[in-house]
Amino acid sequence: PAPWIVETSGSTGRPKRVALSRAAVLASVAASARRLGASGRWLLALPAAYVAGLQVVCRSLVAGHAPVLLDDHPSFAEATAALGDDDDRFVSLVPTQLHRLLDTDVEVLRTFHTVLLGGGPIDAALRARAEQAGVRVVATYGSAETAGGCVYDGYALDGVAVALGLDGRIRIAGPTLFEGYDGDPALTDEVLVDGWFLTSDAGRLDADGRLHVLGRVDDVVVTGGVNVPAPAVAARLREHPDLVAVEVLGVPDEE
């Protein structure tokens, strides 16, 4: 069958047309269900044109349920009620959505088996707030090129391999990888090398193999001969209780 084409937003570069095979999408669906320990009906709260939304649709259909669309209901609570009484209900959100829902619908969020959280950096305070409220959150890392999230809470899904290049660049291999960029074989050859997808992100691995994403490879500040990832410094600073918001950037220095 023809691949599924997912157009990226271009938020971290120019937009691309990512070709995903049926096998890659289904491999991601199966690996996600194994890691979560359950499958069921999903609430679609993200655009279906993006890979995260596409995966919500596919996970729900593979589990035997049509997904419930948030846009078809006047509120998050009413959309959740439309899922029925099944205990195994799921939703995928971005951090901004979770932040707002913790203010307005925390009791509803508690009824979900799991809230997958991805689409960008996740503030530790937001994660802690959700856990204190009794909401089960699993942080995901991935992209359209990996058929969505392929690393859950820092650990690769079954069948997925994660490694770091000499520059700290995150590399990913496994059955969830895309086939290539539609209409751009040159760029495909740049990022698909010997079965590995070379991401644009830098990371580090703990001794136990847990991945920590530090930010984009090109978002570093060179100071004193050391490459310092600005997002990692910002995340550390945000842990201070007296700070509300922080961004870190480099400025030119004569020395």
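Contact means heavy atoms within 4.5 Å. I took helices as DSSP runs of H or I with at least four residues, and strands as runs of E with at least two, numbered from the N terminus.

**Entry 1: the model.** I am working with a predicted model, where local features need pLDDT of at least 70, side-chain atom pairs count only at pLDDT 80 or more, and totals for chains, interfaces and linings use all residues. I number residues from 1 along each chain as its sequence is written, and side-chain values use heavy atoms, with hydrogens and water left out.

**Entry 2: α4 and α6.** I looked up which residues meet here: Pro-95, Leu-98, His-99, Leu-102 and Asp-103 of α4 touch Leu-126, Arg-129 and Ala-130 of α6. I sorted these residues into five nonpolar, one polar and two charged. (Ala, Val, Leu, Ile, Met, Phe, Trp, Tyr, Cys and Pro count as nonpolar, Asp, Glu, Lys and Arg as charged, and the others, Gly among them, as polar.) The axes of α4 (residues 95–104) and α6 (residues 124–132) are 11 Å apart, at an angle of about 40 degrees. The two helices are therefore oblique to each other. (Under 35 degrees is roughly parallel, over 145 roughly antiparallel, 65 to 115 roughly perpendicular and the rest oblique; axes are lines fitted to C-alpha atoms, for helices over the stretch in contact, and angles run from 0 to 180 degrees between N-to-C directions.)

**Entry 3: α1 and α2.** I found the axes of α1 (residues 22–36) and α2 (residues 51–62) within 10 Å, crossing at roughly 70 degrees. That makes α1 roughly perpendicular to α2. From α1, Val-25, Leu-26, Ser-28, Val-29 and Ser-32 make the contact, and from α2, Gln-55, Cys-58, Arg-59 and Val-62.

**Entry 4: cores.** I looked for nonpolar cores, sets of buried Ala, Val, Leu, Ile, Met, Phe, Trp, Tyr and Cys residues joined through side-chain atoms within 4.5 Å. (Buried is under 20% relative accessible area, exposed over 50%, partly exposed in between, with a 1.4 Å probe and protein chains only.) The largest has 35 residues, and Leu-20, Leu-36, Ile-172, Phe-178 and Tyr-181 have the most contacts inside it. Helix α2 gives the largest share of this core, five residues. Apart from this core lies another, of 21 residues, including Leu-102 and Phe-112.

**Entry 5: positive phi.** I noted Ala-147, in the loop between β7 and β8, with phi near 60 degrees. Ala-147 counts as buried, at 1% relative accessibility. Asp-153, in the loop between β8 and β9, has phi near 50 degrees. Asp-153 counts as partly exposed, at 22%.
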